[in-house]
Amino acid sequence: KAVVSTQSTGDFVGFECMKTLHGHDHTVSSVSFGPSGDFLVSASRDKSIKVWEVSTGYCTKTLQGHREWVRQAVVSPDGKLIASGSNDHSIRVWEIATKECTLELREHDHVVECVAWAQDNCTSHINECVQQENPRAVKSEGPFLISGSRDKTIKVFDVSTGFCIISLIGHDNWVRQAIFHPSGKFIVSCADDKTLRVWDYKNRRCTKTINAHEHFVTCLDFHRNAPFVITGSVDQQCKVWECR
């Protein structure tokens, strides 16, 4: 029910708790910083999303609209929007300045476990994918959003139109996380089918399936400067994978 902000000494030897942010009435399921670093966003089982000022620890905004547990909330690269996924099977896009929900996406048939914004270098590849299927499609500048769900699918949305433009099917169990590769050309996902998968989304196909863990694979991330992917699992292990 609280969000804790910690301060590192810089060398990661010691940590000091700077602030404990109280406000949620149930489990906090995700936290993330805005791109400027001066605010953070939290999502909770209390069905709300909160925006917190880092310097003071004050909750500056509370976003309400989801009807069930909010699994994840992430800030757009320009710091103006928040995307959230929920147990109510919906994805919502919020304008931070006004606290208004500007878009509700209902393409998934089950809990939305994860959401993530596409980085700028994905735009040309996503447009190529769309125009490959529909040559008359008008190029879009997005922004674009990716989601993973317990319905076992991964979807990409054009937030400017509200349309689902890519749907990837292949996982055999709940999709726990899906993110764009730093190159913008691929999507990488993990799921409760114990696999890590790499998708050539332009051609809408899975190019690699790795039996990554002995149990559900719950999370993944990319190294910022090296070709490494890290995964975490219910098997109590973290693994680092080199992308070749």
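Me: Which residues touch the most other members in the largest nonpolar core?
Reply: This is a predicted model. In it, that core has 30 residues. Ile126, Ile146, Val156, Phe180, Ile187 and Tyr201 touch the most other members.

Me: Which one gives the most?
Reply: β15 does, with four residues.

Me: Back to isoleucine 146. What does isoleucine 146 touch?
Reply: Leave out residues up to four places away in sequence. Then its contacts are Cys114, Val115, Ala116, Ile154, Lys155, Val156, Ala178, Ile179, Phe180 and Ile187.

Me: New topic. In what order do the strands of the open sheet with β19 run?
Reply: The order is β19-β20-β21, with antiparallel pairing. β19 and β21 (238-242) are the edge strands, so each pairs on one side only.

Me: What does the twist average?
Reply: 20° from one strand to the next.

Me: How many bridges join β19 to β20?
Reply: Five. One partner pair is cysteine 219 with glycine 232 in β20. A hairpin of five residues also links β19 to β20.

Me: And how many join β20 to β21?
Reply: Five. Here threonine 231 has lysine 239 of β21 as its bridge partner.

Me: Switching to charges. How many salt bridges does the structure hold?
Reply: 12. In one of them, arginine 197 pairs with aspartate 172, and the closest N and O atoms are 3.9 Å apart.

Me: Why does that pair tie together separate parts?
Reply: Because arginine 197 lies in strand β17, while aspartate 172 is in the loop between β14 and β15. The two parts are 25 residues apart in sequence.

Me: Is arginine 197 buried or exposed?
Reply: Buried, at 10% relative accessibility.

Me: What about arginine 224? Which residue does arginine 224 form a salt bridge with?
Reply: Aspartate 221, with the closest N and O atoms 3.6 Å apart. Arginine 224 is exposed at 63% relative accessibility. Aspartate 221 is partly exposed at 34%.

Me: Last one. Which residues are linked in a network of salt bridges?
Reply: Arg67, Arg92, Glu104 and Arg106. Within the pair of arginine 106 and glutamate 104, the closest N and O atoms are 3.0 Å apart.

Technical notes. Residues numbered from 1 in each chain as written. Predicted model: local features only at pLDDT ≥ 70, side-chain atom pairs only at ≥ 80, totals over all residues. Heavy atoms only, no water. Core = buried A, V, L, I, M, F, W, Y, C linked by side-chain atoms within 4.5 Å. Buried < 20%, exposed > 50% of the residue type's maximum accessible area, 1.4 Å probe, protein only. Contact = heavy atoms within 4.5 Å. Pairing = 2+ DSSP bridges. Axes fitted to C-alpha atoms, helices over the stretch in contact; angles between N-to-C directions. Salt bridge = Lys/Arg side-chain N within 4 Å of Asp/Glu carboxyl O.
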